[in-house]
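Please keep the model open while reading.

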Amino acid sequence: MRRIFVLLLLAPALVQTQGPAYDLVFRGGRIVDGTGSPWYRADIAIKGDTVIRIAPTIADPAARVINLDGLVVAPGFIDIHTHARRGIFEVPTADNYVRQGVTTLIEGPDGGSPIPLRPFLEKVAGTRITPNFASFVGQGSVRSAVMGEVDRKATPEEIERMRGLVREGMEDGALGLSSGLFYVPGTFTPTAEVVELAKVAGQMGGIYISHMRDEAKGVLDSVRETIAIGEQGGLPTQVTHHKVVGKKYWGRSVDTLRLVDEARARGVDATIDQYPYTASATSIGAALLPAWAQEGGRESTLKRLEDPATRTKIRAESAAIIRDERGGGDPKNVVVSSCQFDPSLAGKNLAEITQGRGLPVTIENAAETAMWIVEQGGAQGIFHAISEDDLQRILVHPATMIGSDGEVPIFGKNVPHPRSYGTFVRVLGVYVREKKLLTLEDAVRKMSAFPAQRLGLADRGVIRQGLKADLAVFDPARVRDTATFEKPHSYADGVSYVVVNGQVVFENGAMTAARPGRVLYGPSARHITN
Ligand SMILES: [Zn+2]
């Protein structure tokens with residue numbers, strides 16, 4: 001009697017466990033596994049959030065079977081440099097990224113992150129997002145929190161407090177320390193101070209990743225500094241969105257890459273990431289005004305612009321930046337991407353805006369317009385000042401991975417840099433298929449296993465039994481970017497399926513209702529609740 005009763009109780013459970021062996025099987029795909037090895041044909045079975053079997057043929061019952069007919073299956077792409085907190089709460093599906101096959105977004109680059117990090121990551125964790133999400137802790141934000149935006153050395157006590165904030169950021173789940181030594185207040189930071197903070201991140205298993213102090217005239221010294229911080233800080237170090245800005249300095253990537261090779265040869269773990277465009281994007285003020293003019297924040301900048309003698313000095317330095325550096329030698333090469341005080345400026349270049357203000361288009365007047373934009377409230381800009389030769393030389397370097405430096409745009413709003421919509425598929429379409437600069441396998445490695453290894457995401461980035469099922473399925477003959485500088489709001493083409501944590505989030509040209517993205521925590525994370 002008692003035995004029968006137990007059996008009856010067990011019956012429903014038995015029925016349940018006898019359901020399909022797998023939740024999802026992809027049949028007949030060409031697997032590019034992320035390691036750089038040549039593709040092979042196999043079926044992939046997923047159960048829950050995990051790839052649990054890879055075999056030439058998987059015929060067991062599955063809740064869902066998708067026939068791929070030779071489409072490529074790659075690990076979901078990991079974007080090591082994003083500004084996704086611009087937009088992730090408004091567009092938690094991050095369509096612009098997911099439609100390219102991106103399944104993990106890394107935030108907090110360029111020295112900028114929320115401080116403290118934990119409440120921010122908890123807010124992301126509490127938002128139903130589609131891709132996975134992780135963050136660095138930013139050196140600039142840490143310095144701002146302790147010292148403000150001042151141009152002076154930190155006292156030993158301040159350095160101790162900053163080290164404490166980096167420690168806290170790592171305990172909150174950061175993947176490492178980012179810096180933006182080009183920006184205020186990063187630019188006021190001596191190398192030795194960054195090293196002291198980098199040591200903390202390194203001891204806690206993190207990396208150092210830097211938007212360097214100077215990507216134009218001083219690009220070689222900046223690469224040396226980035227390498228030195230890794231070497232003295234005792235941690236992996238990465239030159240992020242590597243480029244050479246300004247026609248005068250084009251070609252210097254020969255030497256920057258040699259520096260990286262030499263560092264690696266003597267045992268410094270130095271790497272690079274890059275986006276595949278010849279234009280950069282940041283705020284007009286940060287890019288075109290000298291750093292000293294920005295010290296102390298907006299109010300101080302405005303005061304300096306009010307003083308005629310100081311204004312003349314700022315104009316002269318800004319003109320030099322337009323002539324030789326970010327401005328690409330021509331006011332036409334600076335384009336406003338978004339502007340709060342006058343949204344109609346978005347899409348217009350500095351020559352047009354200068355003309356619109358009734359001034360002849362000269363480099364000096366363009367500098368005057370840049371100062372006027374800052375006074376009016378500022379704007380974001382796009383800067384066409386990178387050479388295709390440098391871009392390609394950096395791209396094919398084995399220590400270079402792909403990162404967009406993008407954000408999550410609101411579809412149709414403003415005229416943002418197309419990198420947010422196109423980075424990963426542009427590499428696959430233009431640099432793999434059309435120009436044949438990279439093999440498909442190597443390009444995928446630069447987007448998956450390589451960044452995963454760099455960030456310590458041991459359970460992602462490679463297609464292997466037992467690892468998380470983040471996958472991008474695409475047609476290598478069709479995959480391409482459609483976003484242009486003129487019309488950036490245009491999604492990737494040629495991606496067929498995207499899977500995050502075992503769930504299909506994109507298929508048949510549309511996002512599904514699934515939002516399985518998780519916050520991924522770094523090597524020293526504590527007190528994680530979700
Ligand atoms: Zn940057």
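## Terms and basis

Buried means under 20% relative accessible area, exposed means over 50%, and partly exposed is in between (1.4 Å probe, protein chains only). This is a predicted model: local features need pLDDT of at least 70, side-chain atom pairs count only at pLDDT 80 or more, and totals for chains, interfaces and linings use all residues. Residues are numbered from 1 along each chain as its sequence is written, and side-chain values use heavy atoms, without hydrogens and water.

## Aromatic pairs

The whole structure holds 11 aromatic pairs. Rings of Phe, Tyr and Trp (its six-membered ring) pair if their centres lie within 6.5 Å; planes under 30 degrees apart count as stacked, over 60 as edge-to-face and the rest as tilted. Phe89 and Phe120 make an edge-to-face pair, 6.3 Å centre to centre with 85 degrees between the planes. Phe89 lies in the loop between strand E6 (77–79) and helix H2 (95–98), and Phe120 in helix H3 (residues 117–125), so the pair ties together parts that are 31 residues apart in sequence. Helices (H or I, at least four residues) and strands (E, at least two) are DSSP runs, numbered from the N terminus. Phe89 is partly exposed at 28% relative accessible area. Phe120 is buried at 10%.

Tyr421 and Tyr491 have ring centres 5.7 Å apart and planes at 55 degrees, so this pair is tilted. The pair links distant parts of the chain, 70 residues apart: Tyr421 sits in helix H15 (residues 419–434), Tyr491 in the loop between strand E18 (471–474) and strand E19 (495–500). Tyr421 is buried, at 1% relative accessibility. Tyr491 is partly exposed, at 24%. Phe77, Phe424 and Phe474 form one aromatic cluster.

## Charges over rings

A charge sits over a ring if NZ of Lys or CZ of Arg is within 6 Å of the ring centre and within 35 degrees of the ring normal. Lys313 lies over the face of Trp292, 4.5 Å from the ring centre. The charged end of Arg419 sits over the ring of Tyr275, at 4.9 Å from its centre.

## Strands

Two strands pair if DSSP finds at least two bridges between them. An open sheet of three strands runs in the order E6-E7-E8, with parallel pairing. E6 and strand E8 (132–135) stand at the edges with a single partner strand each, so one side of each has no neighbour in the sheet. Strand E7 (residues 102–107) pairs with E8 over four bridges. Thr104 stands opposite Asn132 in E8.

Elsewhere, strand E10 (residues 176–180) and E11 pair in the parallel sense over five bridges. Ser178 stands opposite Ile209 in E11. Five of the five residues of strand E11 (residues 207–211) are buried, so the strand is largely enclosed by the rest of the structure. Ile207, Ile209 and His211 point one way from E11, while Tyr208 and Ser210 point the other way. In a regular strand the side chains alternate between the two faces of the sheet.

## Helix H11

Ile322 is found in helix H11. Ile322 is buried, with a relative accessible area of 0%. Ile322 and Phe383 are 61 residues apart in sequence and 9.6 Å apart in space, C-alpha to C-alpha.
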